[in-house]
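Here are my notes on the model, as numbered points. Please read them with the structure open.

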Amino acid sequence: QVQSVESGGGSVHPGDSLRLTCAPSGGALSRYTMTWFRPRAGKEREFVAGNNWSGTSLYMDSVKGRFTISRDITTDTVSLQMNNLRPEDTAIYYCAIRYGGDVSQTAADYLRWGQGTQVTVSS
């Protein structure tokens, strides 16, 4: 079953921006850790950004200063604002969720995943 729905992906040029949105099902966002991952060929999914219920946010080094994760309790959504996009950002982005705790950067620690949304950055 699909446990969250991602949207907002698309095809853009380098330097453009996108805003991804995740709409999780089955839990209160205020008590959950919310994260974004993207695949790596032959490897475990790569951590991109995460935010826990207390407001702590973490980012992978290559997106610091460009991406911002946020949550909106009113609409039960989490978003990833992606600015100054680069071709190497091209990937399917997945929303992953777990209850409480710190932000884990290990994909295997998450059991609730969305179906992904495609981001393509090219000239």
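Is Phe-47 buried or exposed? Phe-47 is buried, with a relative accessible area of 6%. Buried means under 20% relative accessible area, exposed over 50%, and partly exposed in between (1.4 Å probe, protein chains only).

1. Basis. This is a predicted model: local features need pLDDT of at least 70, side-chain atom pairs count only at pLDDT 80 or more, and totals for chains, interfaces and linings use all residues. Residues are numbered from 1 along each chain as its sequence is written, and side-chain values use heavy atoms, with hydrogens and water left out.

2. Aromatic pairs. The whole structure holds six aromatic pairs. Rings of Phe, Tyr and Trp (its six-membered ring) pair if their centres lie within 6.5 Å; planes under 30 degrees apart count as stacked, over 60 as edge-to-face and the rest as tilted. Phe-37 and Phe-47 have ring centres 5.7 Å apart and planes at 80 degrees, so this pair is edge-to-face. Phe-37 sits in strand S4 and Phe-47 in strand S5 (residues 43–51), 10 residues apart. Strands are DSSP runs (E, at least two residues), numbered from the N terminus.

3. Phe-37 is buried at 0% relative accessible area. Its ring also pairs edge-to-face with Tyr-110, with centres 5.6 Å apart and planes at 65 degrees. Tyr-110 lies in the loop between S9 and strand S10 (112–113), so the pair ties S4 to a part 73 residues away in sequence. Tyr-110 is buried too.

4. The cluster and its charges. Phe-37, Phe-47, Tyr-94, Tyr-110 and Trp-113 form one aromatic cluster. Arg-45 lies over the face of Tyr-94, 3.8 Å from the ring centre. Arg-98 lies over the face of Tyr-110, at 5.7 Å. The test is NZ of Lys or CZ of Arg within 6 Å of the ring centre and within 35 degrees of the ring normal.

5. Salt bridges. There are four in the structure, each a side-chain nitrogen of Lys or Arg within 4 Å of a carboxyl oxygen of Asp or Glu. Arg-38, Glu-46, Arg-66 and Asp-89 are linked in a network. Glu-46 meets Arg-38 at 2.9 Å, N to O. Arg-38 also bridges to Asp-89, with the closest N and O atoms 3.4 Å apart. Arg-38 is in S4 and Asp-89 in the loop between S8 (77–82) and S9 (91–99), so the pair ties together parts 51 residues apart in sequence.

6. Asp-89 forms a salt bridge with Arg-66 at 2.8 Å. Asp-89 is buried at 1% relative accessibility, and Arg-66 is buried at 6%.

Notes. Helix = DSSP H or I, 4+ residues; strand = E, 2+ residues; numbered from the N terminus.
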